[in-house]
Amino acid sequence: MTKKQEKVPQRNTTHILSYLMKIDQSIKSGEYPNVKKLNEKNGWDFSRSTIGRYIEILKNDYDAPIEYDFQKNGYYYTDPTFYLQRVMLNEGELLTLSTILPLLEQYKNTPLEESYRKLMSKLIEMLPDSITVDSALINNEVHFISDPITTLADGVFENVLKATKLHQTLNMEYKTARDSDYQNRLFDPYHIICQKGSWYLLGFSHHSNAIRLYAMPRMRNCVITEKKFSIPKDFKLEDHIDIQMGAWGNSGEQFNIEIEFVKGLKTYVMERTWHKDQIIRENPDGTVYLSFKTNQLGQTASWILSFAGGAKALNPPELREQIKKAAERILSA
């Protein structure tokens, strides 16, 4: 009599993760599965040693708290809150995800960069073997031209992120753009902002007794204190920043911006969404009219100047005056 041949799983057709999921489901549902129960339920023909290998993988690779109950003759979780993270990606989804990697440039000098890269590697490891991941898939096909990256002092990002989550006051040394020396500051962090390659912290400055925006590259020796704070109920993020335009130079006042672009920029301007509440239209002469509301007058002026004469500020007068003075400074330099 020939020995019964075991049906060995083929990794090129069915990934081992699918078997682990089946075992996990049976344990989570309280079935107290064993080799016989698992084979009968799933149509498998695995030996005791094969199921044993899968159990060991769950224990060693996924930290599953599995034990065997000899009275109930099956496996169970000693921690009923445990769950097996399940990730299955097809090739198209991997391609989409891989295009995100270049965006990690904006997270350089922060712990987020390493965390995101580890997450990507873990997702790739969990793909079925039927999908071959070529190194070319995740490197040079897509490029993002980012703004210059600023450097953060050691410990700044970690402590800022933690203090913001826990609502605890920070004690730091801070240097403004105009100062040459650092000064000690107490700061209640409300919100973290990444703008054009640099990181900022919006919150309450004990020194100024007002809400301020601090540039994180100008922080050092940042320490979380035991002092707790509460964000005022009337605090609104949109009163201080405009996600479309920026976070600097904000007086809090909303301005109705009106801009006219030259005819040569018509296609470039009209194929984009510059602001979520924008009104955009082509004028009879081929120029383009754009309007939106923002509290970022200074950022808007800088943006208009970046068109090098291709955009004209129509309103408000305060915006026209800022652009005029900036142009005069450029010509007198």
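**Helix packing and the sheet**

Reply: The axes of helix H1 (residues 16–28) and helix H3 (residues 48–62) come within 10 Å and cross at roughly 95°. This is a predicted model, in which local features need pLDDT of at least 70 and side-chain atom pairs count only at pLDDT 80 or more, while totals for chains, interfaces and linings use all residues. Residues are numbered from 1 along each chain as its sequence is written, and side-chain values use heavy atoms, leaving out hydrogens and water.

Helices (H or I, at least four residues) and strands (E, at least two) are DSSP runs numbered from the N terminus. An axis is a line fitted to C-alpha atoms, for helices over the stretch in contact, and angles run from 0 to 180 degrees between N-to-C directions. H1 and H3 are therefore roughly perpendicular (65 to 115 degrees; under 35 is roughly parallel, over 145 roughly antiparallel, the rest oblique).

In contact (heavy atoms within 4.5 Å), Ile-16, Leu-17, Tyr-19, Leu-20 and Ile-23 of H1 meet Tyr-54, Ile-55, Ile-57, Leu-58 and Tyr-62 of H3. By class, this contact has 10 nonpolar, no polar and no charged residues. Nonpolar means Ala, Val, Leu, Ile, Met, Phe, Trp, Tyr, Cys and Pro; charged means Asp, Glu, Lys and Arg; the others, Gly among them, are polar.

Elsewhere, an open sheet of five strands has the order E6-E5-E4-E3-E7, with antiparallel pairing (at least two DSSP bridges between two strands). Its edge strands, E6 (210–215) and E7 (219–228), each pair on one side only. Strand E3 (residues 168–174) pairs with E7 over five bridges, and Leu-170 stands opposite Ile-224 in E7.
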